[in-house]
Amino acid sequence: MAVEQHEKEKEKLQKGIAEFYDESSTIWENIWGDHMHHGFYDPDSTVSVSDHRAAQIRMIEESLRFASLSEERTKWPKRIVDVGCGIGGSSRYLAQKFGATSVGITLSSVQAQRANSLAAAQGLAHKVSFHVADALQQPFPDGQFDLVWSMESGEHMPDKTKFVGELARVAAPGGTIIIVTWCHRDLGPDEQSLKPWEQDLLKKICDAFYLPAWCSASDYINLLKSLSLQDIKSEDWSPFVAPFWPAVIRSALTWNGLTSLLRSGVKTIKGALAMPLMIKGYKKGLIKFVIITCRKPR
C-alpha cells in the first residue's frame, strides 16, 4: 500500500512538472532565450537584462571548468546526455563546442518538441535529439555517455538516490558527471532538521515550482561516495548567481513579461509570485546554488 501511494505521489508530481514547463517554457524563451537556468555573474556586480544570456553561457563554461574537463581535443566528450534538458540550450551548446552527439530528456512534451525544432533550425538535428523520458528510469543502456549533464533538474527529483544512481549508470567508464542544483544548507553537527521557518519557506517554494523535498550538498556527496565515484568535488556558487532572481523579476515586470504571464496560465503565475521567496532563501543562507562533479571509475 505504501509503495502504491508513493507511486501515485510521484506520478502527480511528474504531471505537475510537465504541465508547469509545458505552460511556461514559451514565455521563458521569449524573454530570456533558450537557456533555462541561472547565469554566472561576478559577485556584487550590477547587471542589465542584456547581460543575462551571456551569464547563462558563462554558467555552462564555468561548470565545465570546475569539472576539469580536458582542453585536449582528443579527450573531449563524444556522447553527452542532458538530464532535464529544457528546450535544449545546453545540449546544443555542448554538441557544438565539443563536436559531440547529445541527447536530452525532459518530462515536458512541449519542451522536447521545441528543442528538436530549434536543433533542426540550427542545422544540428544530426547531432542532437530530445525525448520525453523519466530521469529516474532513463531509456539508455549502461555506460553510454562520456558527459552526464544535469543543469538545475535535480531539485525536481523525488528520489535523489535513484536520480544519482541513474546518472552513474548511464555514465561511461571514465565519464564525467556534472550536477548543478538547488540545495538547502548543510545541517550543523547538533541539528536533526532545518528550523521550522526554513521548512515553511521551502514548502511554499516547492508548491509553486513542483519540487519534492529538498536535500543538502552533503546528502548528494554521500550518495556519490556510496556509488564509489571518484574525484568528487562541490562548491557553493550562491554568490555568483545572486543577480539572477532580481533580474527575472525585473523582466517579468516589463510590458512583454506581464502580458506573457497573464496569457500563460495559473501554474506560471504561481511560479512568478514565488520568485521573491527564492531571493529570501538565498539572502538568509537557507538556499544554496551548488555544483557537484565527479568521475566514474574506468
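**Figure 1. Helices H5 and H7 lie oblique to each other in this predicted model.** Oblique is what remains once angles under 35 degrees are called roughly parallel, those over 145 roughly antiparallel and those from 65 to 115 roughly perpendicular. H5 covers residues 160-170 and H7 covers residues 217-226; their axes come within 10 Å and cross at roughly 50°. Helices (H or I, at least four residues) and strands (E, at least two) are DSSP runs, numbered from the N terminus. Axes are lines fitted to C-alpha atoms, for helices over the stretch in contact, with angles between N-to-C directions running from 0 to 180 degrees. On the H5 side, look for Lys160, Thr161, Phe163 and Val164, which make the contact with Tyr220, Leu223 and Leu224 of H7. Contact here means heavy atoms within 4.5 Å. Sorted by class, the residues of this H5/H7 contact are five nonpolar, one polar and one charged. Nonpolar stands for Ala, Val, Leu, Ile, Met, Phe, Trp, Tyr, Cys and Pro, charged for Asp, Glu, Lys and Arg, and polar for the others, Gly among them.

**Figure 2. Helix H6 meets helix H12 in a left-handed crossing.** The axes of H6 (residues 196-209) and H12 (residues 275-283) come within 10 Å and cross at roughly 145°. H6 brings Leu201, Lys204, Ile205 and Phe209 to the contact, and H12 answers with Leu277, Met278, Lys280 and Gly281. That H6/H12 set splits into five nonpolar, one polar and two charged residues.

**Figure 3. Cys206 sits in helix H6.** Cys206 is buried, at a relative accessible area of 11%; buried is under 20%, exposed is over 50%, and partly exposed is in between (1.4 Å probe, protein chains only). Setting aside residues up to four places away in sequence, Cys206 touches Leu211, Pro212 and Trp214. Cys206 and Ala274 are 68 residues apart in sequence, yet their C-alpha atoms are 9.4 Å apart in space.

**Figure 4. His184 belongs to strand E5, residues 171-184.** His184 is buried, with a relative accessible area of 11%. Ignoring neighbours within four places in sequence, His184 contacts Leu194, Leu202, Trp214, Cys215, Ser216, Ala217, Leu286 and Lys288.

**Figure 5. Ser68 and Tyr210 have positive phi values without being glycines.** Most residues other than glycine have a negative phi. Ser68, in the loop between helix H2 (52-66) and strand E1 (79-83), has a phi of about 60°. Ser68 is partly exposed, with a relative accessible area of 45%. Tyr210 is in the loop between H6 and H7, and its phi is near 55°. Tyr210 is buried, at 18% relative accessible area.

**Figure 6. Stepping back, the protein has twelve helices and seven strands.** Of its 298 residues, 54% count as buried. Among contacts with a separation of 6 or more, 77% come from residues 24 or more positions apart. The protein exposes about 13900 Å², with carbon and sulfur atoms supplying 55% of that area.

**Notes for all views.** Residues are numbered from 1 along each chain as its sequence is written, and side-chain values use heavy atoms, with hydrogens and water left out. Because the model is predicted, local features need pLDDT of at least 70 and side-chain atom pairs count only at pLDDT 80 or more, whereas totals for chains, interfaces and linings use all residues.

Notes: Left-handed = near helix turned anticlockwise from the far one by under 90°. Areas by Shrake-Rupley, 256 points an atom, 1.4 Å probe, with all protein chains shown as cover.
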